Amino acid sequence: MIIIKNNLIRHELPFEYVITGHAGYAETGSDIVCSAVSCLHYSFIKWLSERGIQFSCSDDGSILAVSVDDEHARSCFEMVIAGFEGISGVYGDNVKIVYT
């Protein structure tokens, strides 16, 4: 199962999430649930980079994480979390959202 821990409910900087696990929906490399989560994560990184917004991220093969200490990223961060929530809503056996 993919676990996505985030601090959206705090409404304070920095905005952060940490993604761990594997969805287990299909074999590694063919898992549409993992692909959807990864796509949102990397789209957020690209969006931040293109706007020159400073952030830190980790991608060690088993953990994806991002931390943004810039109010200008709030609406996009909320959109990414909403996307994760949407995936979890359809694939609840494979993705869990945890608010910290």
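A residue is called buried when its relative accessible area is under 20%, exposed when that area is over 50%, and partly exposed in between, with a 1.4 Å probe and protein chains only. By that rule, buried residues make up 35% of the 100 residues in the protein chain. Before going further, note that this is a predicted model, in which local features need pLDDT of at least 70 and side-chain atom pairs count only at pLDDT 80 or more, while totals for chains, interfaces and linings use all residues. Residues are numbered from 1 along each chain as its sequence is written, and side-chain values use heavy atoms, with hydrogens and water left out.

**The whole chain**

Now switch to the C-alpha trace, which spans about 35 × 25 × 20 Å along the principal axes of the chain. The radius of gyration, taken over C-alpha atoms, is 13 Å, which agrees with the value near 13 Å that a compact globule of 100 residues would have; the globule rule is 2.2 Å times the number of residues to the power 0.38. The accessible surface, from the Shrake-Rupley method with a 1.4 Å probe, comes to about 5500 Å², of which 54% belongs to carbon and sulfur atoms. A contact means heavy atoms within 4.5 Å, and among contacts between residues at least 6 apart in sequence, 59% join residues at least 24 apart.

**The loop between S1 and S2**

Next, select the loop between strand S1 (2–6) and strand S2 (15–20), where Pro-14 is found. The peptide bond from Leu-13 to Pro-14 is cis, with omega near -5°. His-11 has its place in this loop too, and it has a positive phi of about 55° although it is not a glycine. His-11 is exposed, with a relative accessible area of 51%.

**Phe-15**

Move on to Phe-15, which lies in strand S2. Is Phe-15 buried or exposed? With a relative accessible area of 3%, Phe-15 is buried. Leaving aside neighbours within four places in sequence, Phe-15 is in contact with several residues, including Asn-7, Val-66, Val-68, Ala-73 and Phe-77.

Finally, select helix H1 (residues 32–50) together with helix H2 (residues 74–90), which pack at an angle of about 180° with their axes 10 Å apart. That angle makes H1 roughly antiparallel to H2, a description used for angles over 145 degrees. The contact is made by residues of both helices, among them Val-37, Leu-40 and Phe-44 of H1 and Val-80, Phe-84 and Ile-87 of H2. The residues of this contact divide into eleven nonpolar, two polar and no charged.

End on Trp-47, which lies in helix H1 and is partly exposed, with a relative accessible area of 22%. Apart from neighbours within four places in sequence, Trp-47 is in contact with Ile-53, His-72, Ala-73 and Cys-76. Trp-47 and Cys-76 are 29 residues apart in sequence, and their C-alpha atoms are 8.3 Å apart in space.

Note on methods. Axes are lines fitted to C-alpha atoms, for helices over the stretch in contact, and angles run from 0 to 180 degrees between N-to-C directions. Helices (H or I, at least four residues) and strands (E, at least two) are DSSP runs, numbered from the N terminus. Angles under 35 degrees count as roughly parallel, over 145 as roughly antiparallel, 65 to 115 as roughly perpendicular and the rest as oblique. Ala, Val, Leu, Ile, Met, Phe, Trp, Tyr, Cys and Pro count as nonpolar, Asp, Glu, Lys and Arg as charged, and the others, Gly among them, as polar.
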